Amino acid sequence: MQKEDKKWEGKVPSNLTMPFKNGDDSDNPEFSGTMYANLKAYKRRPPIIGPDGNALMQIDEDTVYSGAKFRAIVQFAPYNHTKGGKGVSAYIVAVQKVADGERKDGSISESQAEGMFDAVGDTSDAEHDPMFD
């Protein structure tokens, strides 16, 4: 609280911008009935920890995606901007992946795609394949 006292002289400013948003005000129907926060990262990517408590060494689109379940350590900091007003920012310190979830972006994982195709046999005669005529 000492940072807030120094930043705002011990008073909570009017028209304070907060990182929390009402999902009912969003155009995204999946946010309806929820509260969500706009989070920022510091200058480098926050560490991502796996469900086993160890750092994830391979991070790709099948690890981090919209719909995966995470928990996060978040730090809040007040700000004063001459043009942007006064508010509170929320920063991601570290995250832990808890579980996979239903993808919200409409894409599929590589492992899902692998199950959609059969192996291609001999491709040396592919130019004569009726599929390509």
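The side chains of K97 and D100 meet in a salt bridge, with N and O 2.6 Å apart, a salt bridge being defined as a side-chain nitrogen of Lys or Arg within 4 Å of a carboxyl oxygen of Asp or Glu. K97 is buried at a relative accessible area of 9%, whereas D100 is exposed at 54%; buried here means under 20% relative accessible area, exposed means over 50%, and partly exposed covers the range in between, with a 1.4 Å probe and protein chains only. The model is a predicted one, in which local features need pLDDT of at least 70 and side-chain atom pairs count only at pLDDT 80 or more, while totals for chains, interfaces and linings use all residues. Residues are numbered from 1 along each chain as its sequence is written, and side-chain values use heavy atoms, with hydrogens and water left out.

The secondary structure of the protein comprises two helices and six strands, arranged from the N terminus in the order α-β-β-β-β-β-β-α; helices (H or I, at least four residues) and strands (E, at least two) are DSSP runs numbered from the N terminus. Of the 133 residues in the protein, 19% are buried. The accessible surface comes to about 10,700 Å², and 52% of this surface belongs to carbon and sulfur atoms, as computed by the Shrake-Rupley method with a 1.4 Å probe, where for residues only the protein chains shown count as cover. Among contacts with a separation of 6 or more, 55% are made by residues 24 or more positions apart, a contact being heavy atoms within 4.5 Å.

By the rule given above, the count of salt bridges comes to three. In one of these, K104 is paired with E30, and the closest N and O atoms are 3.7 Å apart. Because K104 lies in the loop between β6 and α2 and E30 in the loop between β1 and β2 (35-37), this pair ties together parts that are 74 residues apart in sequence. K104 itself is partly exposed, with a relative accessible area of 41%. A further salt bridge joins the side chains of R103 and D62 at 3.8 Å, N to O. Here R103 lies in the loop between β6 and α2 and D62 in the loop between β4 and β5, so the pair ties together parts that are 41 residues apart in sequence. R103 is buried, at 18% relative accessible area, and D62 is partly exposed, at 24%.

When neighbours within four places in sequence are left aside, E61 is in contact with R103 and E110. E110, located in helix α2 (residues 110-114), is in turn in contact with E61 and D62 under the corresponding exclusion of neighbours within four places. The C-alpha atoms of E110 and D62 are 7.5 Å apart in space, although the two residues are 48 residues apart in sequence. For E61 and S109, likewise 48 residues apart in sequence, the C-alpha to C-alpha distance is 7.8 Å.

Q96, in strand β6 (residues 85-99), counts as buried at 15% relative accessibility. Its side chain reaches the backbone oxygen of G50 at 3.1 Å and makes a polar contact with the side chain of R71 at 2.7 Å. A polar contact is a pair of N or O atoms within 3.5 Å; within protein, one atom must be able to donate a hydrogen and the other to accept it, and residues adjacent in sequence count only if both atoms are side-chain atoms. Residues up to four places away in sequence not being counted, Q96 touches I49, G50, P51, G53, K69, F70 and R71.

A search of the whole structure finds three aromatic pairs. In the pair of F20 and F76, the ring centres are 5.8 Å apart and the planes stand at 35°, so the pair is tilted. This pair links distant parts of the chain, with F20 in strand β1 (residues 20-22) and F76 in strand β5, 56 residues apart. Rings of Phe, Tyr and Trp (its six-membered ring) pair if their centres lie within 6.5 Å, with planes under 30 degrees apart counted as stacked, over 60 as edge-to-face and the rest as tilted. F20 is partly exposed at 43% relative accessibility, and F76 is partly exposed at 42%. Together with M18 and M35, F20 and F76 form a nonpolar patch on the surface, with about 410 Å² of accessible area together. Patches are made of residues with over 30% relative accessible area and no salt bridge, like charges being joined within 9 Å and nonpolar side chains (Val, Leu, Ile, Met, Phe, Trp, Tyr) within 5 Å.
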